[in-house]
Amino acid sequence: MMKLLKLKPSVGLLSIPYSLIFIFFFFIPLVLTFIISFWDYNEYSIIPDFIFENYSYIFKDCFNFEKDMCVTFKTYLSTFMFCFITWFFTLIIGFFVAYFLAFYVNSVTWQIVLFLICTIPFWTSNVIRMISWIPLLGRNGLVNDFLLYTGLTDIPQEWLLYSGFSIVLAFVHLYTLFMIVPIFNSMMRIDKSIIEAAYDNGANGLQILWNVIIPLCKPGIVIGSIFVITVVMGDFITIGIMGGQQIPSIGKIIYVEMSYLQLPAAAANAVILLALTLLIIWIMTKMIDIRKEL
Amino acid sequence: MNKNLTRRKMLKTSTAALGAVAGAGLLKGFPAIHAADAPVIRYLGTAVNMGDAVQKRLFDDTGIKVKFIVKTTDEVVKTIFTQPNSFDIVDSEYFSMPKLVPSGNLLGMDTKRIKEWDNVTSAFTKGEVAGKKIGDQGTAPKKVMYLKGAKSKEFASEPTQYVTLIPTVYNADTLGIRPDLIKRPISSWAELLNPEFKGKASILNIPSIGIMDAAMVVEAMGEYKYPDKGNMTKQEIDLTMKIFTEAKKAGQFRAFWSDFNESVNLMASGEVVIQSMWSPAITAVRTKGIPCVYQPLKEGYRAWAAGFGLPATTKGRQADICYEFINWYLSGWVGAYLNRQGYYSAVIPTAKKYMEAYEWDYWMMGKPATADIMSPEGKKLASKGEVRDGGSYEARMGGVACWNATMDENKYMVRKWNEMIAS
């Protein structure tokens with residue numbers, strides 16, 4: 001940054017507005033959250049202090065392996081699981097949708113039209129989108145009516161709603177677009193002549209996909225993955241509504257603590273969540289250098 | 001969604017009102033002195049029981065305007081702590097008082113300035129209904145009603161001139177059921193954990209209220225008798241949560257809910273046939289034409305109560321306007337409006353004046369309706385011949401077993417509740 005400032009003053013100037021926004025609305029609040037996570041609190045106020053109680057409380061009983069797994073580990077385990085499964089399905093679906101859009105649809109107009117169709121899930125509010133699953137997946141919903149009518153089952157299937165299944169379904173439905181966009185973007189940058197060259201050298205479709213397209217799409221895949229993983233890690237609304245509030249999430253714990261004004265405890269949880277999410281992103285960026293690829 | 005809708009309507013109305021005021025100013029060619037003078041009260045609360053009709057009537061009667069700041073129960077409390085000057089009057093629940101009063105952010109309310117103070121129902125002031133003591137476990141209003149002085153941060157055990165909140169509305173809550181799907185009488189809180197309803201039960205995921213429903217169930221099952229459900233020891237919290245954790249693991253609950261509309265959806269769709277529910281949610285299910293009963297139970301009701309408070313900094317003209325507003329609120333029209341929604345007004349005699357005799361008989365006396373009963377919005381709630389669930393005011397409020405509560409072990413309770421959700 002300093003170097004840039006010396007070399008090209010205009011670049012430094014141009015970056016000032018964004019830097020200010022970043023500092024005031026992201027960096028300072030984050031530092032405050034970190035500081036407050038060491039404060040004490042009572043029913044109605046937070047008290048400046050330097051204690052580790054908020055953190056030790058989170059990991060209380062977590063290293064006593066004779067007992068059941070502690071809430072914190074259980075919650076993170078379930079969050080990681082949702083993250084992984086959602087990531088997996090959004091990646092597979094997102095990749096092939098992007099592939100279709102980039103390589104099978106030749107007209108730009110159609111690409112735009114189909115792309116807009118992908119955004120349909122975002123036309124309604126988050127809550128409505130999720131509530132609308134109930135008439136479909138519920139005990140008396142369409143899917144169960146169909147299963148009963150065709151005689152595939154004798155009793156309504158309850159695992160369809162308020163379960164891990166429905167949560168993953170909602171996540172995939174909501175966030176596949178976050179995968180499609182960056183992967184599609186990467187694919188559009190691939191020089192078609194490279195694919196032709198591979199073809200000319202005798203590679204078959206699968207080999208081209210594996211050895212040419214996927215490596216060149218890596219930046220898009222990583223960016224899409226970062227989007228999906230960070231969103232799922234912090235989510236509590238989707239997990240809450242689709243899981244019938246019976247499945248834990250870190251976001252929900254933080255939310256409950258905040259509504260009971262246990263702000264330092266919530267801050268400590270937030271710091272841990274942030275650290276873990278950053279760790280995952282760090283590992284992913286180790287696997288691929290986004291800056292270089294872009 | 002309902003809330004948003006009313007808020008949006010409210011925004012519209014207030015904008016329109018503003019426009020009208022500005023327009024009037026222009027026409028007369030005067031600077032908007034009168035418009036600036038028209039008192040506006042910033043009203044912080046959940047506003048679930050406030051509609052456009054209230055605002056209109058208020059303006060016609062007093063010339064006061066209300067600007068609603070609509071938030072959830074927990075957010076209202078948070079706002080009093082963190083932005084105590086962002087509102088002029090707050091509509092809060094009594095169970096928040098043990099948390100709020102020590103902060104000193106609320107003003108002691110002067111009962112001498114309340115015209116109808118002597119008519120405030122004895123359920124608030126003495127914990128009695130029709131001369132009979134009612135359950136006072138939990139944060140019963142009488143425990144947190146009186147202050148030692150106008151600026152005091154301590155509760156007084158004996159009646160004083162200063163109170164924490166001026167009571168407005170209250171109700172007795174119980175379980176809601178779908179009689180068409182259960183097909184047999186329900187008479188005990190214990191039924192919530194009856195394996196017969198496995199996968200078809202629900203409880204609300206708001207720890208401070210959910211724990212009270214849970215305690216009612218545990219006691220009804222005969223597992224334990226609490227000395228005070230509303231102020232459990234750590235061991236009692238552990239015990240309660242253990243029973244519910246086991247039930248949850250066995251698949252008793254279809255879902256938990258934390259938003260009013262979720263409870264309506266669960267019940268209306270038939271996903272759930274028995275659950276903790278609030279009175280307006282029952283109404284919402286019924287107006288869809290789906291049978292739903294607010295089932296009276298032999299162990300009694302869990303009650304709640306709300307009232308108006310003022311920020312500690314209120315004084316002078318601002319205080320005059322707020323007291324005028326409160327006096328208007330208790331003068332009967334709103335009381336009747338609340339009673340017609342199935343709540344109870346804090347000042348009953350004034351509300352009676354604004355209700356038709358058949359309405360009074362249905363809502364307050366527990367008599368069969370002699371004509372169709374309509375909601376304040378004009379929707380049909382009950383047909384001729386029907387009787388209100390739970391019956392009369394005396395039967396319902398007299399049957400209160402406990403109140404929504406803030407416990408001494410609140411922090412521990414929230415933690416344990418989260419553990420149950422995670423199990």
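Mentor: Begin with pLDDT, which is the predictor's confidence in each residue, on a scale from 0 to 100. This is a predicted model, so you need that score from the start. Chain A has an average pLDDT of 87, and 95% of its residues score at least 70. Chain B also averages 87. There, 91% of the residues score at least 70. For the complex, the predictor gives an ipTM of 0.74 and a pTM of 0.79.

In chain B, pLDDT stays under 50 over residues 1-35. For that stretch the model has 20 contacts beyond four places in sequence. Where pLDDT is low, the predicted coordinates should not be read in detail. Helix H1 of chain A, residues 2-7, has the lowest mean pLDDT among the elements of that chain, at 53. H4(A) has the highest, at 93.

Here is the part to look at closely. Two packed helices are described by the angle between their axes and the distance between the axes. Take helix H8 of chain B, residues 207-220, and helix H17 of chain B, residues 410-422. Their axes come within 10 Å and cross at roughly 75°. Angles from 65 to 115 degrees count as roughly perpendicular. H8(B) is therefore roughly perpendicular to H17(B).

Next, find the residues that touch. H8(B) brings Pro207(B), Gly210(B) and Ile211(B) to the contact. H17(B) brings Met413(B), Val414(B) and Trp417(B). Sort them by class. The contact of H8(B) with H17(B) has five nonpolar residues, one polar residue and no charged residues. Gly counts as polar here.

Step back to the chain that holds this pair. Chain B has 17 helices and 18 strands. The radius of gyration of chain B is 22 Å, close to the 22 Å that the globule rule gives for 423 residues, so chain B is as compact as a globular protein of that length. The C-alpha trace of chain B spans about 75 × 50 × 40 Å along its principal axes. Of the 423 residues in chain B, 48% are buried. Take the contacts in chain B with a separation of 6 or more: residues 24 or more positions apart account for 72% of them.

Tyr362(B) shows such a link residue by residue. Find Tyr362(B) in helix H15 of chain B, residues 357-363. It has 26 other C-beta atoms within 10 Å, so Tyr362(B) is buried. Leaving aside neighbours within four places in sequence, Tyr362(B) is in contact with Lys367(B), Ala369(B), Ile373(B) and Arg388(B). Val387(B) is 25 residues away from Tyr362(B) along the chain, yet their C-alpha atoms are separated by 6.7 Å.

Lys183(B) sits in the loop between helix H7 (179-182) and strand S10 (201-204) of chain B. With 8 C-beta neighbours inside 10 Å, Lys183(B) counts as exposed. Its phi is near 60°, a positive value in a residue other than glycine.

Now chain A. It has 15 helices and two strands. Its C-alpha trace spans about 75 × 70 × 40 Å along the principal axes. Buried residues make up 31% of its 294 residues. Tyr162(A) has a positive phi of about 55°, and it is not a glycine. Tyr162(A) lies in the loop between helix H8 (142-150) and helix H9 (164-189) of chain A. It has 29 other C-beta atoms within 10 Å, so Tyr162(A) is buried. Phe52(A) is also in a loop, between strand S2 (46-47) and helix H3 (53-58) of chain A. Phe52(A) counts as exposed, with 10 C-beta neighbours inside 10 Å.

Last, where the chains meet. The contact takes 23 residues from chain A and 28 residues from chain B. On the side of chain A that touches chain B, helix H4 (71-104) and helix H13 (250-259) of chain A are the elements that give two or more residues. That side divides into 10 nonpolar, nine polar and four charged residues. Then go back to H8(B) and H17(B), and trace their crossing at roughly 75° on the model.

Conventions. Residues numbered from 1 in each chain as written. Chains lettered and ligands numbered in written order. Predicted model: local features only at pLDDT ≥ 70, side-chain atom pairs only at ≥ 80, totals over all residues. Axes fitted to C-alpha atoms, helices over the stretch in contact; angles between N-to-C directions. Helix = DSSP H or I, 4+ residues; strand = E, 2+ residues; numbered from the N terminus. Parallel < 35°, antiparallel > 145°, perpendicular 65-115°, else oblique. Contact = placed C-beta atoms within 7 Å. Buried ≥ 20, exposed ≤ 12 C-beta atoms within 10 Å, placed from the backbone. Rg over C-alpha atoms; globule rule 2.2 N^0.38 Å.
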